Amino acid sequence: MSNYKVSARKYRPQSFSEVTSQEFVTQTMKNAIISGKIAHSYLLSGPRGVGKTTIARIFAKALNCADLKKGEPCNKCNSCEEITNGIHPDVFELDAASNRGIDDVRAVQDAAKFFPIKGKFKFFIVDEVHMLTQQAFNALLKILEEPPSYLIFILATTNPEKIPATIVSRCQRFPLQRIKINEISAKVIEIAKEEKIKIDDESVFLISKLGDGALRDALGVFDMAVSFCGDNIKYSELKSFLNIPDKDIYFDISGFIRSSDLKNILIYFNELEDKGFDLQTFFNGITEHFRDLLIVSTTSNPNLLDESDSFREKYSAESKNFTADQLQRLLKVLFEAENRFRFSSNQKILFEALLAELCTLNRDVKDLSDLISEVTSLKKKSLIQNDAESAEIVIDKFTPVSDIPVSSSENSFSKKNDSAESEIPDSKNGKPEAHKVKSKSVVKKNSDKTTVKETIIIEKLKELFDVVEYKTD
Ligand SMILES: [Zn+2]
């Protein structure tokens, strides 16, 4: 029989201090052990692969340990060794995913009746407890209502909301967190060192990322990487082995999008598709890429990204090619397409349409800030150079806006009157008609400083806005 052990098992933490992340849970448990305040049932909830059963076993080990050290099991005594090897007679593990019926819980009920054989406590570690049937939950509740003093239940679940409230209320709850990518990376580096395996930074990040918050999953990818690459894991080999798109591909894609290069983005996409990439992974990758660009663009802090240093530098550079508004628009389109994409029967066509939309999106939309600065510069130009033509453009642009832009103290106009609505005669038949005046300002000529061309502007402005003056005259 082979002695090979997968890394997740070989490097499974054997004491609270070795558990990655989850300090809140491990510290509380240690305190409980030291103070002797032990509850009869605990509920550990959290995503898969974050250490729920590992913590449950360490807890059982510590409570039955013959040589407890500040709340930590010694891992040397007979009891510790038996629990590590899964052969301790007082520690039972039940997988509720496959043993979910009333008979399984009755077996637990029967076993619970007897005193522990070796240790002080008898443990039932129930994994995926939310999978139990209603009857099984009822039977479990009966034990939890009046547990014998030696009995401890540690329930673990990925779906705490599916557990009846009657059970939950009898448990001490410990929510476990997803493990952060840098914590997973640190563990991968540590194990690689231990196994004398050379691994580059990019590979560490890739493996950690694929773990998606679960250390066990990341270590699974690490084992695969070792079997493929041997004792020298290189990013270039790893990414082709895993057949996932290279990060650089996303930079190429954002390059096509920013230059609105529809033709080449479609050619590029089809080449990638021929390589057999999973389109969902690719879609998620593009979304994450623009999210990363938005983070760097708005915070100017690439260290917030779960990336290696070389990619952080790339993100810094690329983020300067987009405004935050542009990135937000691109992300909005991607998010809106997410569900359609997931359930589409033809992802390829949808993907092409989506890329086309992303490519043209920012070309067709002008940023409001750009428009404002354009108008401002036109305004300045018309006033400084007395360019009547530009002035008319200014006037046209400002027609729907409530304030007349030139009525500040710097130029030759002054405010007069404050009426918002008035009646003026229709220019053709002389009859008065209701006329809503958007602007409260009324423009009046200051004859001292006004040039001929300014007069044209003023006349034009008056034509548009100076209705109140007409009335008062
Ligand atoms: Zn021990």
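Two residues are taken to be in contact if their C-beta atoms, placed from the backbone, lie within 7 Å. Among the contacts in the protein between residues at least 6 apart in sequence, 72% join residues at least 24 apart. This is a predicted model, in which local features need pLDDT of at least 70 and side-chain atom pairs count only at pLDDT 80 or more, while totals for chains, interfaces and linings use all residues. Residues are numbered from 1 along each chain as its sequence is written.

The protein holds 21 helices and 11 strands, these being DSSP runs numbered from the N terminus (helices H or I, at least four residues; strands E, at least two). Of its 473 residues, 33% count as buried, a term that asks for 20 or more other C-beta atoms within 10 Å of a residue's own, whereas 12 or fewer make it exposed and a count in between partly exposed.

The axes of helix 12 (residues 247-258) and helix 14 (residues 279-299) come within 10 Å and cross at roughly 75 degrees, so helix 12 is roughly perpendicular to helix 14, the word covering angles from 65 to 115 degrees. Helix 12 brings Tyr250, Ile253 and Ser254 to the contact, and helix 14 brings Gly285, Ile286, His289 and Leu293.

Another place to look is Arg329, which is found in helix 16 (residues 324-342). Arg329 counts as partly exposed because it has 18 C-beta neighbours inside 10 Å.

Terms used: Axes are lines fitted to C-alpha atoms, for helices over the stretch in contact, and angles run from 0 to 180 degrees between N-to-C directions. Angles under 35 degrees count as roughly parallel, over 145 as roughly antiparallel, 65 to 115 as roughly perpendicular and the rest as oblique.
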